[in-house]
Structure formats: C-alpha cells, structure tokens
Amino acid sequence: MPIIAFQGVPGAYSDLACRHAYPGWTTMPCASFEAAIEAVRDGAAELAMLPCENNLAGRVPDIHRMLPDSGLFVVGEHFERVEHCLLANKGATIAGLKRAHSHPMALGQVLKVLKELKLEAVIEADTAGAAKLLAEAGGLEDAAIASSLAAETYGLEILRRNVEDAADNTTRFYVMSRDARLPAVGTPRCVTTFVFQVRSIPAALYKALGGFATNGVNLTKLESYMLGGRFTAVQFLCDADGHPEEPAMARALEELRFFSHELRVLGTYTAHPYRIENESN
C-alpha cells in the first residue's frame with residue numbers, strides 16, 4: 001500500500017488532508033516538515049503533504065524556505081476545509097470547561113467560542129497533539145481544539161462542531177514527490193510553481209515579471225523572503241497558471257530568466273477543483 005508522509009501526529013489536519021486526497025493510502029506521521037521531506041527523499045514514503053498557506057492566517061512558516069532545497073518536486077495541490085471541533089474527555093460538559101488547548105494558529109481562529117465560553121487559551125505544538133495530551137492527562141476542565149479525526153483517534157468526545165470563526169477557513173497543501181510528474185502539454189488548468197532571485201535594485205521585480213503581463217500569464221501567488229538573513233538578497237516563490245512548455249508561459253519564463261537568476265521550476269500540476277470553483281464565485 002502506498003505511503004504519504006505529513007508533519008504532525010495522527011489525527012492532524014494534514015493527516016485528514018492525506019486521507020481525503022489519497023484515500024486508501026497509508027499516512028505516515030512525522031515530527032517535522034524536514035522529517036516528512038526526508039521520508040520521501042529516502043524512499044520511506046511516495047509523497048509528502050505539506051501545508052503552504054491558509055486563507056485566513058497566511059503562509060505557513062518555513063515551507064517557502066524548505067521547498068527549493070528539498071530535492072523534491074511539487075506534483076499536486078490540495079485544499080482542505082478546516083473544521084475545528086471542541087473536544088473533551090468523556091464526562092466533560094461545556095459548562096465545566098476552563099481551558100482550551102491547541103496550536104496558536106487554531107486558537108486564533110476560534111476567538112468567538114473562547115470568549116463565549118470564557119476559556120483560557122493554552123498553546124500546544126499542534127492541534128492533534130493537544131488532543132493526544134488531553135486524552136493522556138484526563139480531567140474534565142480542559143478541552144482541545146482539533147479535528148473530528150483527532151477525536152476519533154484519541155477517544156475524545158466532540159462537545160461542539162465547527163467552532164471556527166470563519167466558515168471558509170481553508171488550508172492549501174503542496175503534494176511533493178521525488179520525481180517530477182509533468183502533465184502533458186495541452187492539459188487544461190495547469191499550475192506551475194517556481195522560485196527566482198532578483199538583485200535589490202530599482203525596478204528589478206517589475207522587469208522580471210513583465211513577461212507574465214505581456215504574455216497574459218496569471219500569477220496566483222507571489223511571496224518574497226530574504227536569503228541567509230541578508231536584506232540585499234531576495235528570493236520569490238510563485239505560482240502561475242499554465243504549463244512551462246506552452247508558448248505564453250515559455251516566453252514569460254524566458255524573460256524572467258533574463259532579468260533574474262537562480263530560476264528553478266519546482267513543479268507543474270493540474271489545478272485542484274477548489275481553486276477552479278472559487279474562481280467562478
């Protein structure tokens with residue numbers, strides 16, 4: 001049975017994303033993003049599911065830094081709806097709760113229920129890890145904010161479902177592989193992910209990206225970050241609609257190469273249905 005790696009403990013949202021995107025596969029929990037990447041690189045897993053951004057909280061820290069040097073390729077994307085649940089040990093009641101444990105990003109997404117129930121927020125390393133610790137510690141005054149899968153995994157009760165503040169809370173994932181899986185030219189709705197560097201001089205980014213505008217190529221993601229802690233060295237992570245061997249994208253990338261350096265295409269893959277559905281809304 002094929003294996004897909006993720007960061008976190010069983011029951012994490014990344015675990016849930018793996019199960020939804022690749023039903024029937026075995027999910028492999030890893031202690032860190034680096035460990036999940038290494039599992040694929042070493043052949044222990046065929047794929048890795050790595051979160052890259054959340055529509056409410058922004059980008060996931062460190063992923064942009066890891067991808068270029070991971071030795072892996074982006075072969076797909078997945079969008080996972082985040083449905084937070086209020087979990088507790090059996091016998092606990094909402095009225096008796098005093099504290100809610102979870103990852104800081106999750107706690108920031110359930111501020112309304114924390115205020116309503118007057119719960120003290122307690123930061124943990126991750127959502128499913130909070131559920132695991134709660135089950136191990138016992139007690140009826142503490143709760144965890146985590147997924148329904150975490151409740152099932154650790155034998156907790158769901159006291160309330162969908163406690164997130166925003167109904168459209170969604171996390172996007174990159175699916176990573178040892179080998180590139182370039183779709184055939186002409187495949188509809190391709191997305192290409194790449195990184196490039198520019199010098200810190202006036203109009204450098206404007207010139208580098210001009211080819212995408214003149215060739216009608218849509219950029220759907222553009223993120224910058226410093227390299228090696230230097231203010232003068234900037235790298236960009238981009239997603240663009242199209243296939244690198246199609247004329248418009250090929251011309252845009254050619255112009256980008258002229259005005260930048262260290263251009264690397266990390267992968268081309270078909271767009272997830274969530275992306276297409278939300279473009280039409």
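This is a predicted model: local features need pLDDT of at least 70, side-chain atom pairs count only at pLDDT 80 or more; totals for chains, interfaces and linings use all residues.

Reader: How does one look for empty space?

Author: Rolling a probe the size of a water molecule over the atoms shows where empty space is left. Here, the largest pocket holds about 560 Å³ of space. It has 26 lining residues, and Q7, F33, P51, H103 and M105 are the closest to its centre.

Reader: Which element gives the largest share of the lining of the largest pocket?

Author: Strand β3, with 3 residues. By class, this lining has 12 nonpolar, 10 polar and 4 charged residues.

Reader: And what is the volume of the second largest pocket?

Author: About 230 Å³. Among its 14 lining residues, E53, N55, F79, R172 and Y274 lie nearest the centre. Helix α10 (273-279) gives the most to this lining, 4 residues. The classes are 2 nonpolar, 6 polar and 6 charged.

Reader: Helix α2 also lines the largest pocket. Which of the residues of α2 are buried?

Author: F33, A36, I37, A39 and V40. They lie on the same side of α2, because they cover an arc of only 155 degrees around the axis. These buried residues pack against β1, β2, β3, α3 and β11. After α2 comes G43, with a positive phi near 90 degrees.

Reader: How many cavities of 30 Å³ or more are there?

Author: The search finds 1. The largest cavity has about 30 Å³ of space. C52, R59, V60, I63, H64, K221, E223 and L237 line it. They divide into 4 nonpolar, 1 polar and 3 charged.

Notes:
Residues are numbered from 1 along each chain as its sequence is written. Side-chain values use heavy atoms; hydrogens and water are left out. On a 1 Å grid over the protein atoms alone, a cavity is a set of points where a 1.4 Å probe fits but cannot get out, and a pocket is an open set with protein on both sides within 12 Å along at least five of seven lines; lining residues have an atom within 4 Å of a point. Grid points are joined across faces, edges and corners, and a volume is the space filled by probe spheres set on the points. Ala, Val, Leu, Ile, Met, Phe, Trp, Tyr, Cys and Pro count as nonpolar, Asp, Glu, Lys and Arg as charged, and the others, Gly among them, as polar. Buried means under 20% relative accessible area, exposed over 50%, partly exposed in between (1.4 Å probe, protein chains only). Helices (H or I, at least four residues) and strands (E, at least two) are DSSP runs, numbered from the N terminus. The arc is that of the directions from the helix axis to the C-beta atoms. Contact means heavy atoms within 4.5 Å.
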